[in-house]
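Please look over the sequence and the model shown here.

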Amino acid sequence: MTEPLPNPLTEGLERLPVHPTALVIFGGTGDLARRKLLPALYNLAADGALPERFHLIGVSRSELPDEEFRTQAAAAVKEFSRREADPKVLDALLAEARYISGSFDDEGMYPRLSEALDGFDAASGQQLNRAFYLSTAPEFFPVIVEALGRHDLTAHDGAEVRVIIEKPFGTTLAEAQELNRTVLSVLDESQVFRIDHYLGKETVQNMLAFRFANGMFEPLWNRNYIRNVQITASEDIGIGSRAGYYDHAGALRDLMQNHMMQLLTLLCMEPPVDFSADEIRNEKVKVLHAIQPPEPDRTIRAQYAPGVVAGREVPGYLGENGVPEDSNTETFAAVRLTVQNWRWAGVPFYLRTGKRLSRKVTEIAVTLRPVPHQAFNQEGSVGVQPNQLIFTVQPNEGVTLKLGAKIPGTRMRVRGVNMEFLYGTTFLSQSPEAYEKLIMDAMRGDATLFTRNDEVEAQWRIMDPVVQRWEAAPGPLPQYEAGTAGPAGIEQLLAGDDKWRAI
Amino acid sequence: MVPAAKTDAVWRAEDTTPTAIEAALRALMTESRSRSQSYVPARSLNLVCIVDEDYSGEVANRLRGVGRFAASRTVVCAVSPRHRTLDAVATIAVPTDTEEGVHAPMRETVVLDVGPQHLRQLATIIDPLVITDVPTVVWSPHGHSDALDALLGLAQVVLVDSVDEPEPADAVARLRELMDRTYVVDLAWLRTTPWRERIAATFDPEKLRPDLRLISNLVVRHHPDSAIAGLLFVGWLASRLDWELGPLRVDGAGARTGRAHTRRQDVQLRLQADRTMTVRGLAGVEIETASGRWLRLDRGAGGLRARYRGPRQNDREWTIMGASRGEPGILGEGIRQALLRDATYRPALLRASELV
């Protein structure tokens, strides 16, 4: 096959062309579509980033005329967009948007969808790429994918067909494997984009830049210099109105099995040969293969009890609307993992996540080993502390390096100080929402920030034994007071003199 | 959404020195931080503006409109023959909508009253006032080329709007001169970005890429004051597609016309002012190919209006979505671009210079 002629006009452009695309959102009137996907599409349109021919189709069960879907979509954009909506751009985005009603297992719905897609092709005089976004309850993922296959919607002559699948990708290893089998029975892996929206965040992507664009850290990035790594995803909010989802998921499935494991792989991976999707994912999978499921004494779970958050009394998990009073679902999970390879052997990786904790923060803290000899007099100060490198994913996106520095004065006393890099003060650009980046990447066919089938299964292989063990164990779960740093006894997870970072 | 800002601390002095101003900024910063640990100094870039004092209000309005693209430290030199001494006002501004626990960037502004006698030595005044180790951008929208030249040694970037120069030939000459000495961000070039992106996208499908070599006719319509934007657009195509250019001639209708030579055929070139256009920049682009394709892009509601005719005479029309950035948006984009490097501007400008 001969290489296509390069396009000489794209050099120097920040926004590279994307092939004309029709995007179908299954669950087009759902919560995720309203809060994230439609606002993301609007912002892409306002930035001029969408393909020059772009068409939107919403698919949901409710019976709606096209016009009503457009009205609802416009209202969602106005409510949830990160910037004020320009009515002209919004009109242009939704002017030709279509809505197909039907349940996802309704065989009659897919020919109507196919007809609408063909109509867009005919109107634009070319075969548009097709992107199907599965923003539905997870039980519909296999239903929709199989139906797309039966109705010949998984291939399109002269254009690409891509399927974007929201989380959760299975709730157990067996489910994830089964879903992968179903998906890959009708699609090629290159057509599948499994969303993990953490990967769309700037700080997460910056970990690659930080590690592989700076010569000063790589020599330290190993067991010889790193004492431990703590990955924390804490929220001060409760479950809100999501009891139905959350009580079936729990903290481990909700954040740890997917997002936090992704953070861990980016931190631990070897330098890839290049930054192509598969080279990066190959290295990430190797990290996952080097992790064994944690033993029972290296896992902790708990539920929040009533307490005070930000000066306000809040109910405990079992008192939340929609939560069964005998629920054994954990709202806090912490595990200690080890990455058994040459670089990381012996370094503990602590992961913890929870709701109704004292503060909202997502961060990765890398603690270095202390200096070998304490030459400074510690009297009158907290003394020399180990260096820490902290990647903050939210709310203050950035990187902090904790160093020891002399306290001003006549005596030689040392305490820790911070050198900070903050996205909000260092760059002029506003970070796009993760979904904006991910939708564009999927339409462009760049899978770097999406999870591959073997990655998903490898993540589950580590966490599934914990899930199974916890589900088999009787309750009630240990409780922690809302507004605190979590349950008593989480120090038991720590090795040696390690300490949890304050949340 | 443009973040609103409020002034948090102010210092002013007459007949002062850069050292005193810099010390005052540090004190103001400490004072603001004592009010809230959430306040942190922004450290993205320095912007030095040299403006006529009589028009400084207009420039201040434009700078307010750039929103999140505001420089970390802005030093405005308000020039007036009335000024005999160096007077200064320094302020710290913080966002009004800060969230608990979320860092809020503090932005610093220094307004210096300077007289013509200060301009040639301006570098000695400005150098102590810019934050070290972040890029410094100089913008001189009202001329004052002597002052701008004086600052080239300490600035990494010069921000210009080449449509400010009445004669395109003069604009090109000045840009070439500046470009040899520093990195230039030209707002006129940035106004052509959506057009360049769309032409690139039109010819991006593999089957259409060969047609780039078959372009036979190019019409660029522009705001009456923005001929330079049209020239840069043609220069860009010429630099990317290896066209040979010669000077354009002004025809009876006032349009600039000429030919570009390519390996396959000549390209008819036409740049014409659109007197209905109320904003600076391009009004439309029309491209024809020898293979029978025709594409026309015009400014329209909610984006660019595209019309296309294929070799089979099949006409299509659609909107390419994109919000108008407005003049404040263009200025903000110019400031943002100061942190980036566009390798295609210089070749485009050099080729555009062959057209005048």
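## About the model

This is a predicted model, in which local features need pLDDT of at least 70 and side-chain atom pairs count only at pLDDT 80 or more, while totals for chains, interfaces and linings use all residues. Residues are numbered from 1 along each chain as its sequence is written, and chains are lettered from A and ligands numbered from 1 in the order in which they are written.

Helices (H or I, at least four residues) and strands (E, at least two) are DSSP runs, numbered from the N terminus.

## Where the chains touch

Chain A places 40 residues in contact with 47 residues of chain B. Two residues are in contact if their C-beta atoms, placed from the backbone, lie within 7 Å. On the chain A side, two or more residues are given by each of α1 (31-46), α3 (87-94) and α10 (423-426). The largest share, five residues, belongs to α3(A).

By class, this side of chain A has 16 nonpolar, 13 polar and 11 charged residues. Ala, Val, Leu, Ile, Met, Phe, Trp, Tyr, Cys and Pro count as nonpolar, Asp, Glu, Lys and Arg as charged, and the others, Gly among them, as polar.

## Two crossing helices

Helix α11 of chain A covers residues 434-444, and its axis comes within 9 Å of the axis of α1(A), with a crossing angle of roughly 75°. Axes are lines fitted to C-alpha atoms, for helices over the stretch in contact, and angles run from 0 to 180 degrees between N-to-C directions. The helices α1(A) and α11(A) are therefore roughly perpendicular to each other. The cut-offs are under 35 degrees for roughly parallel, over 145 for roughly antiparallel, 65 to 115 for roughly perpendicular, and oblique for the rest.

Residues of α1(A) in this contact include Leu37(A) and Leu41(A), and those of α11(A) include Ile439(A) and Met440(A). The contact has seven nonpolar, one polar and two charged residues.

## Strands and sheets

Chain A has an open sheet of six strands in the order β3-β2-β1-β4-β5-β6, with parallel pairing. Two strands pair if DSSP finds at least two bridges between them. The edge strands, β3 (98-101) and β6 (192-194) of chain A, each pair on one side only. From one strand to the next, the twist averages 20°. Strands β1 (residues 21-26) and β2 (residues 54-60) of chain A run parallel and are joined by six bridges. Ala22(A) is opposite His55(A) in β2(A).

In chain B, β10 (residues 215-222) pairs with β14 (residues 282-289) in the antiparallel sense over seven bridges. Strand β14(B) also pairs in the antiparallel sense with β15 (residues 294-300) of chain B, over five bridges. β14(B) and β15(B) form a hairpin with four residues between them, and Gly292(B) in the turn has a positive phi of about 95°.

## Single residues in loops

Arg356(A) has a positive phi near 55° and is a residue other than glycine. Is Arg356(A) buried or exposed? Arg356(A) counts as buried, because 29 C-beta neighbours lie inside 10 Å. A residue is buried if 20 or more other C-beta atoms lie within 10 Å of its own, exposed if 12 or fewer, and partly exposed in between, with C-beta atoms placed from the backbone. Asp242(B) is partly exposed, with 13 other C-beta atoms within 10 Å.

A cis peptide bond joins Lys167(A) and Pro168(A), with omega about 0°. Another cis peptide bond runs from Gln394(A) to Pro395(A), with omega near 5°.
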